[in-house]
Amino acid sequence: MQECGYRQTRPNTQCEAGSMNHSTAPWGANSDDEDELDAREPWMWAGKRAFIFLIDATEPMFEKDINDSSHFEKCIKACTENLLKSVHRQDKDLFEIVLFGTSHVGQTAQPNHITTLLQSLDQCNADRIKDLLAILDDIDGFEKKHGHSNDYSLAEAFWHCLKIITNCTTTIYDKTIFLMTCNDNPHHSNPKLQNDTRLRVREIKNLDVDLKIIPFGLSFDMDLFYNEIYQITHNDPNDDNTEDTIIKSVIEVEDILEFVECPPKKRSTSRVLWSLGGDVQLGVAAYRFVKSTDPIPRKVKIERSKNAIVTSRVQAFNAETGEEVSSAQTSKAMNVGGETVTFRKEELKTLVEISHPGLILLGFKPMYTIKTWFHSKSPVFLYPEERLVKGSRTLFAALHEKCLAKKLVAICYFTMRRSGKPTLVALVPLAEKVEDKNTQYVPPGFVARFLPYADNIRDLKDQAVKCPHPDPELVSVAEQIVKKLKFKYQPKSFDNPRLQKLWAGIEALALGYDEPKETEDLTLPNNEVMDKRIDSLSDDFMSMAFPQGYNYNAVKKTSKDTDPSKPSAPKKAKIDLESMDMEEIAKKGFVEKLTADKLKQYLMTNGYKVSKMRKAELVEAVYSHLEVDQP
């Protein structure tokens, strides 16, 4: 059975030297131990994620490079950016920053040269961001205040991180420690401290805490100490292949963000049984490829005088008597054919629950029969769920392999959740793709593409537009332009400009900036680069596509509702009020078309006081003065 690199279960890790790839797990590796299965799938339960940044604060971390920036400064910048992204995602992850290698200064400094910056493992807020920004504003002052010490113990630093996690009263289902250091061989002159560190790392692994190492410095050598740490956390001391752990040392803040950025939560949107016919069933879980983002923050009603949050409630009343009606006394109704049809709650529940949650196989079709325009909404990714039915991975892998080999798709009847709308889906097999060093970038599984019903399909035959046949030379020039402007598209390369601008404004208000940070709209084309690529091809295309002397920059605006087959309506003649006196204007009923200033000027010359009069009152006064009936 083939290997599957996409893990529904969390990796058994993890000390990763900046490596983002996860270990693979065979589909057929079914576990008979229910407790072991639960331990490998912790996000099935409620809780939050915790991230601790363990930063080396010894003197080498503060040395400036050619850009007048130190490793420590880059670490704090990366932490700040990570906390800000957590606010943007509106998740509830917990963060803490721990420094080791400091001197005994202040109440936050521990006797073992450890300093806790954020004081507690908690969610991000404006005060925490301000504290980190204050450190970035005065790195030299922070270094002078906290000092350095080489008498630290890395094992004690790990123990302190574990203590922070265990003392947290919030339920945590995923815990990660990011170790940032430029020392590739800590405690090299003290074998006892190195051995204590190894023992502490084993304890970290036993407590199901992930450990990721981010090395600094071009001369950082993983072979001196940290490859052994990697082997301990991966529970394979006989594996001498450490090629995957050797990475390039981080140089810029963007390099650090690739390693410390919190991964998305791997919670499924639905877990159902897939019925293949008869009593044959397997468990599957559905995962969404994309998630919707609401660019507008949730509105909260507050009382103006006290700035306190106001709660509201909805109360139903009898329209005839005005008496209050409880929810138990109400029912829902709809107008059908001129008559009001009333439904009880039990009847509505029966109408909504058409089918039970599940996936029912209807048959198989060739892949080419599923057209692109069939996709009615964003698809979901299906992966075997061993918790529902043991052996699901084996059967799922067999179906997946055969569908790929025969180029077939499975047509199924899919109800994602209780009271959900049943839909038809086409399960398209997705083959696994890996890069160098066995890094997976496309997971294997089925992509469930939602299909339309007959009622949803529009017949556009009568609306077909006959396109003219272009000249072959014009087509050739267009093909050249398309080839010149090709680029590798990745959705992750484009941030939502509306969201970026919104959060820049919110950050400015919350953090007290004088003005919001400038945001770059990556969706706008780079005209300079595009013009350089196509060179004179654009002029050739325009000269061939349009007649000589045609001004294609002058766009004629037409109404959307204009029917070209109907004659255009005659334009209304423009009224020349300047050539008419006020009496003639009043008789024709055009006084309202004059400006308020002209009306005031006319009335003032006739002895009226117009300082507090509105335009409607000015118009009425003009008609009254001229003794003309106002229309």
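Student: Why is Asp68 called exposed?

Tutor: Its relative accessible area is 53%. A residue is exposed over 50%, buried under 20% and partly exposed in between, using a 1.4 Å probe and protein chains only. The value for Asp68 is over the limit, so Asp68 counts as exposed. This is a predicted model, in which local features need pLDDT of at least 70 and side-chain atom pairs pLDDT 80 or more, while totals for chains, interfaces and linings use all residues. Residues are numbered from 1 along each chain as its sequence is written, and side-chain values use heavy atoms, without hydrogens and water.

Student: What makes the phi of Asp68 worth a remark?

Tutor: Most residues other than glycine have a negative phi. Asp68 is not a glycine, yet its phi is positive, about 60°. Asp68 is found in the loop between β4 and α2; helices (H or I, at least four residues) and strands (E, at least two) are DSSP runs numbered from the N terminus.

Student: Where is Glu627, and how do you know whether it is buried or exposed?

Tutor: Glu627 is found in the segment after α17 (615-626). Its relative accessible area is 74%, so Glu627 is exposed. Its phi is also positive, near 55°.

Student: Why is Leu522 called partly exposed?

Tutor: Leu522 has 30% relative accessibility, which falls between the limits for buried and exposed, so it counts as partly exposed. Leu522 is found in the loop between α12 (497-511) and α13 (527-534).

Student: How do you know how the span of α10 stands against the expected one?

Tutor: The expected span is 1.5 Å times one less than the number of residues. Helix α10 (residues 392-406) has 15 residues and reaches 21 Å from its first C-alpha to its last, close to the 21 Å expected. After α10 comes Lys407, with a positive phi near 55°.

Student: Which residues of α10 are buried, and what puts them on the same side?

Tutor: Ser392, Arg393, Phe396, Ala397, Leu399, His400 and Cys403 are buried. They cover an arc of only 165° around the axis, so they lie on the same side of α10; the arc is that of the directions from the helix axis to the C-beta atoms. Lys402, Ala405 and Lys406, on the other side of α10, are exposed.

Student: What makes a set of residues a nonpolar core?

Tutor: Its members are buried Ala, Val, Leu, Ile, Met, Phe, Trp, Tyr and Cys residues joined through side-chain atoms within 4.5 Å. The largest nonpolar core here has 34 residues, of which Phe53, Ile55, Phe72, Ile97 and Met180 touch the most other members. Helix α2 gives the most to this core, with seven residues. Another core lies apart from it, with 31 residues, among them Phe100, Ile114, Ile165 and Ile213.
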